[in-house]
Amino acid sequence: MVPMRFRVLGTVVALGADGAPVALGDRGRALLAALLARAGEMVPAERLADLLWGGRPPASAAAALHSQVARLRRALPGIALVTRPPGYALEVGPGDVDAGEFDRLVAAARYEEALALWQGPAYAEFADAEIARFEAIRLEEARLTASEGWHEQLLDRDRPAEALPLLEAFVGGHPLRETAIGILVRVLYRLGRHADALSAYDAYADRLADELGLEPSEALQRLRLQVLRREVFAAAPPRFVTRYITTGAGRIAVAAAGTGPRLVALPGWVSSIDVIASGRDPRSSLLHRLTGAVCLTLYDRFGTGLSRGPVTDFGLDASVDELAAVVSAAGPPVDLLAMSQAGPVALALAARQPALVRRLVLFGTYADASVAFTRPDLNASLVSMIRAHWGLGSRMFAELYRPDVTDDAALHLARVLRDSADREVAAAYLAATYEADVADVLPSVAARSLVLHYRGDRVVPFAGGRQLAERLPGATFVPLDGRFHLPDARDLDRVVATITDFLV
């Protein structure tokens, strides 16, 4: 048993057996932070040296690191800092680190106790450094979720007046967290402040449209209606019904909602049915609206969302086979909605099995990657970034999705991507995106096609949509003004009307 405890929910501190902080030098604290952030895992010596000396290790880096490790062991007698070639690992028990205690309390829904452990940003001065960045991000997200859980508990325990002041401050600091907004609306409603509840909803809806181009989720829109009708606590049935089908790769999740013509919406680069249903995905607003006019089928491509599993083939043919299985289960012929990277998959299926596809709606997509993505060096660097730093890479893509994105909006979109797939799957599917080319089949596609594309799209440039419009027989082309990649809230009325007029 380690005769001490460690704090990382704030400044990184080692507490001796008597509970007093142990004095450590700057490099000793940095080394401790790096090992605690990966507790129980082997951290390569070369990596630790880079972290401690900022990429400029001394001439004898191994000896210098060994010296730092020895100092840490002397300062913290009894610490389980073991040599595990080719590096070091710090073994800690479940109660030795406040972050572990926090995770345990959150799992038990003891949110107030869990939040009381925090004394500042996780890993404090190391939070933005590579030493502990990813663990600090994980803990910060868990803290926000726990705070929402605590406010929910106060409401459930009929303590809305107690919840309100801190909840308003929380929402002010995190204005795009929909769960918190929903709790705030219900707290204000419970206090009899119905107009304020509607104002809180309206402020969120305006900000969501401005910063992310989204509408509030269907659940939050229902909550607004319930406020208007004084029926806030009435239960609402779920809209999407999910089931699993078996494909050549494995079992994948398929969900359906709505009535009318059958429309299969292909997944994005990485996406999740659950994230879409929650209203957080950049396509959520459009897809929810379409369920009012069509029978919409969604699915999670293998390895993502609810279809997690080891992927052995990320190529175009595997994706086309997967789509064919979904279409067959939905009942062909169907219409296809392909957005972003999904265009080549939908086009290939329409050319290879025309009996399955009736009409195509192609939004912000392409047929030939070499036309849409003209910088192979940039493509390769983006894939490498995703593989090495999923957190940073997801944020970089978020900044491409929305012009002049705010920090809150970028974090929202980055979280959507990370919640939809792990980094290895995301990187491999992205690499496949940059290799797809079905331009040769465009003249043979018999399905009627509607092509929509923003002129200033920075994810899939406008050239991709223009090629589709020029080479698909009889395609209807609707250019849109703006620097967006996916439908912006201000354009939703027009986009939804255009698509439904084409399909219905």
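The lining of the largest cavity comprises 10 nonpolar, 4 polar and 2 charged residues, where Ala, Val, Leu, Ile, Met, Phe, Trp, Tyr, Cys and Pro count as nonpolar, Asp, Glu, Lys and Arg as charged, and the others, Gly among them, as polar. The model is predicted: local features need pLDDT of at least 70 and side-chain atom pairs count only at pLDDT 80 or more, whereas totals for chains, interfaces and linings use all residues. Residues are numbered from 1 along each chain as its sequence is written, and side-chain values use heavy atoms, with hydrogens and water left out.

A cavity is a set of points, on a 1 Å grid over the protein atoms alone, where a 1.4 Å probe fits but cannot get out; lining residues have an atom within 4 Å of a point. Of the 16 residues lining the largest cavity, V270, D281, P282, Y401 and L486 lie nearest its centre. Helix 18 (407-420) and helix 17 (390-401) each contribute at least two lining residues, and the largest share, 3 residues, comes from helix 18. Helices are DSSP runs (H or I, at least four residues), and strands are runs of E of at least two, numbered from the N terminus.

An open sheet of 3 strands has the order 3-5-4 with antiparallel pairing, two strands being paired if DSSP finds at least two bridges between them. Strand 3 (43-44) and strand 4 (81-84) stand at the edges with a single partner strand each, so one side of each has no neighbour in the sheet. Strand 4 pairs with strand 5 (residues 87-90) over 4 bridges in the antiparallel sense, and R84 stands opposite G87 in strand 5.

Definitions and conventions:
1 Å grid on protein atoms, 1.4 Å probe; cavity = no way out; pocket = protein on both sides within 12 Å on 5 of 7 lines; lining within 4 Å.
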